[in-house]
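Welcome! Take a look at what follows, and we will walk through it together with a few questions.

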Amino acid sequence: MAGSKKSALVEASPTLFRRRWSARGLDEAISSIEPEALCTEYVALRDAAPRRALTGKRYFVDHTGMVPRARKSNRLEEHCAIALVNLGRRWPRPGGGWFRLLDYQVPLKALRTDARIGKIDLLGVTDGGRLIIVELKVEGRSGGRSDAPPAALMEGLRYAAMVEADLEAIALEAEHRFGDRIARTPPIVQLLAPQAWWHAWLDLPTAGDWGLAFFRLVEGIEARTGVTVECLAHEDSEVTYGSDGWAPRLDRVPALCPVRLGDKLGDKLGIGEALPAPSADRKGAAVYRDTIHRTLWSWADEQHGNELDGGRRTGRPPVLRSDAAEKNVLVPPDGRHVAEVRAVIAKKQRHRHFASLRSSQALAQSVF
């Protein structure tokens, strides 16, 4: 796709490619979007979207469920997406039935020069064979708000238009790779985020009653495009980042619940009415965890300043370099029996996170 064509894609779909959404007056910003005009943008994008199949490229690129050793990523969305796929579960859908996740970070670019064309966070399939595009959102840094709900919706719709553009090729590839029968129908766009993310926007007075405007916009989109939009919240959970070829993981299998969209004046639930309140226990646990991390970092800086792995200092405990992992075991201060204590668990028997100062195995070895 030539450079002029790339620019034309964005210029022809200004709302779909809109980046900035102010929190103040969010309800008015959403209300100002005309569903018919937005759907015209959708059709135009679908007709002009890049098609990887035409350039001989695949959509499913042999992901391993781990972060490659050659590439480090601090994007929480990516680690969370990998962890969700690795669970290999069937997840319930708001209207009944289930879906399962096929792959993460699914590329859509046909050429390297394709501007503003990203990757699908998660791609799944329902029990009826319909593709489901999951736009995954997380809390902002330090627990703040991240992208606004309409930003997530527009991103999901962009991906839906591009999937529809090359649906036959994607369906055939998915059927061959995963064994699922794929329906040749418009996909589902699912906005999936932690409960805390939804509450950060639902409980924001300056945003106004944006839920009602959002619902009406979604109704117009669904009626004109055949795309279904779902909003789901997952139970707040902690993600352990993958590194050095190890898989990211969640501290629990998060339960999902629908964030229903509806008119509070009618017989449907308003947005957020089905969403549980934030868990005080989870908030307290997060504060307790952060306190532990600060204490561990203070100890690590004092005792192991030149033996740390050089990884990020926020959101995780300190980790020793692999060649210094044995230093994670406490030994008698007088220097006696040091080699014996450290040899109790052989290197080949150590857990893969043995070098972390939060390693329960290293702690147990120190105690016993």
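Predicted model: local features only at pLDDT ≥ 70, side-chain atom pairs only at ≥ 80, totals over all residues.

Q: How many bridges join strand S5 to strand S6, and which residue in S6 does Leu-191 stand opposite?
A: Strand S5 covers residues 188-194 and strand S6 covers residues 228-234, and the two run parallel. They are joined by seven bridges. Within this pairing, the residue in S6 opposite Leu-191 is Cys-231.

Q: Which strands are the edge strands of the open sheet?
A: The sheet is built from seven strands with mixed pairing, in the order S1-S2-S3-S4-S5-S6-S9. From one strand to the next, the twist averages 40°. An edge strand pairs on one side only, and that describes S1 (90-92) and S9 (256-258).

Q: At about what angle does helix H7 run to S5?
A: Helix H7, residues 195-202, packs on the sheet and touches S5, S6 and S9. Its direction and that of S5 make an angle of about 90°.

Q: Which strand does helix H4 run at about 140° to?
A: Helix H4 (residues 76-87) lies across S1, S2, S3, S4 and S5. The strand to which H4 runs at about 140° is S2.

Q: Is Cys-80 buried or exposed?
A: Buried means under 20% relative accessible area. Cys-80 has a relative accessible area of 5%, so Cys-80 is buried.

Q: How many disulfides does a search of the whole structure find?
A: A disulfide is a covalent bond between the sulfur atoms of two cysteines. Searching the whole structure for disulfides gives a count of zero.

How values were computed. Residues numbered from 1 in each chain as written. Heavy atoms only, no water. Pairing = 2+ DSSP bridges. Helix = DSSP H or I, 4+ residues; strand = E, 2+ residues; numbered from the N terminus. Axes fitted to C-alpha atoms, helices over the stretch in contact; angles between N-to-C directions. Contact = heavy atoms within 4.5 Å. Disulfide = S-S within 2.5 Å. Buried < 20%, exposed > 50% of the residue type's maximum accessible area, 1.4 Å probe, protein only.
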